[in-house]
Amino acid sequence: MDDITTLYYVVLAVFVFGVWVVWRAINSPFGQVLKAIRENEPRAISLGYKTTQFKFAAFVLSAALAGLAGSMKAIVFQLASLTDVHWHGSGEVVLMTLLGGMGTPFGPIIGAFIVVTVESYLAQLGAWVTIIQGLIFIVVVTLFRRGVVGELMALMDGIQHRRLALLRR
């Protein structure tokens, strides 16, 4: 892990593996049951699903992926400090998810890219980075209710529906 190129490819492989695990979970019967529980838990219970077990399995999967990500961060930075377990870290994850788009598989990834890019390019501004992030968050939440990826997907769906309507004429 001393070689930066090797480290890069290891982190890339772990990232691709994590995205694949999430993708498989979403597009599996397990993911469909989780969607059913999210939409209407009493109905899922009436269909015979043990919702507590499914929610526990989703929590375990989430914790495993978060632990994997945290271990990668510790390996990359060669440091694990107490600031990593501060409430600000989980707030930043929520910010990333809301910016990118909740309910989309790649929304949190795009949201993380936005937050990290803003932090790195504006690092010389110090505490103003938090204020700028807050302004970006306010703009995205008020103008893009579904997040950046959610709005792009809705835009693409609208364009596709218009094309189909034109083809039907």
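Me: What makes L95, M96, L99, V115 and V140 a nonpolar core?

Reply: In this predicted model, these 5 residues form the largest nonpolar core. The term requires buried residues of kinds such as Leu, Met and Val, joined through side-chain atoms within 4.5 Å; L95, M96, L99, V115 and V140 are therefore called a core. Helix α5 (residues 87–100) supplies the largest share, 3 residues.

Me: Which residues is L95 in contact with, leaving aside its neighbours within four places in sequence?

Reply: Those residues are V115, Q133 and F137. Contact here calls for heavy atoms within 4.5 Å.

Me: Why is T104 called buried?

Reply: The cut-off for buried is under 20% relative accessible area. T104 has 12% relative accessibility, and therefore counts as buried. T104 lies in the loop between α5 and α6 and, not counting residues up to four places away in sequence, touches V149, G150 and M153.

Me: How do you know which residues join helix α6 to helix α7?

Reply: V115, V118 and E119 in α6 meet V129, I132, Q133 and I136 in α7. The residues of this contact divide into 5 nonpolar, 1 polar and 1 charged. Helices α6 (residues 107–121) and α7 (residues 128–143) pack at an angle of about 145°, with axes 10 Å apart, and their crossing is right-handed.

Me: What is the predictor's confidence in the protein chain?

Reply: The mean pLDDT is 88, and 100% of the residues reach 70 or more.

Terms used: Residues numbered from 1 in each chain as written. Predicted model: local features only at pLDDT ≥ 70, side-chain atom pairs only at ≥ 80, totals over all residues. Heavy atoms only, no water. Buried < 20%, exposed > 50% of the residue type's maximum accessible area, 1.4 Å probe, protein only. Helix = DSSP H or I, 4+ residues; strand = E, 2+ residues; numbered from the N terminus. pLDDT = per-residue confidence, 0-100. Axes fitted to C-alpha atoms, helices over the stretch in contact; angles between N-to-C directions. Left-handed = near helix turned anticlockwise from the far one by under 90°. Nonpolar A, V, L, I, M, F, W, Y, C, P; charged D, E, K, R; others polar.
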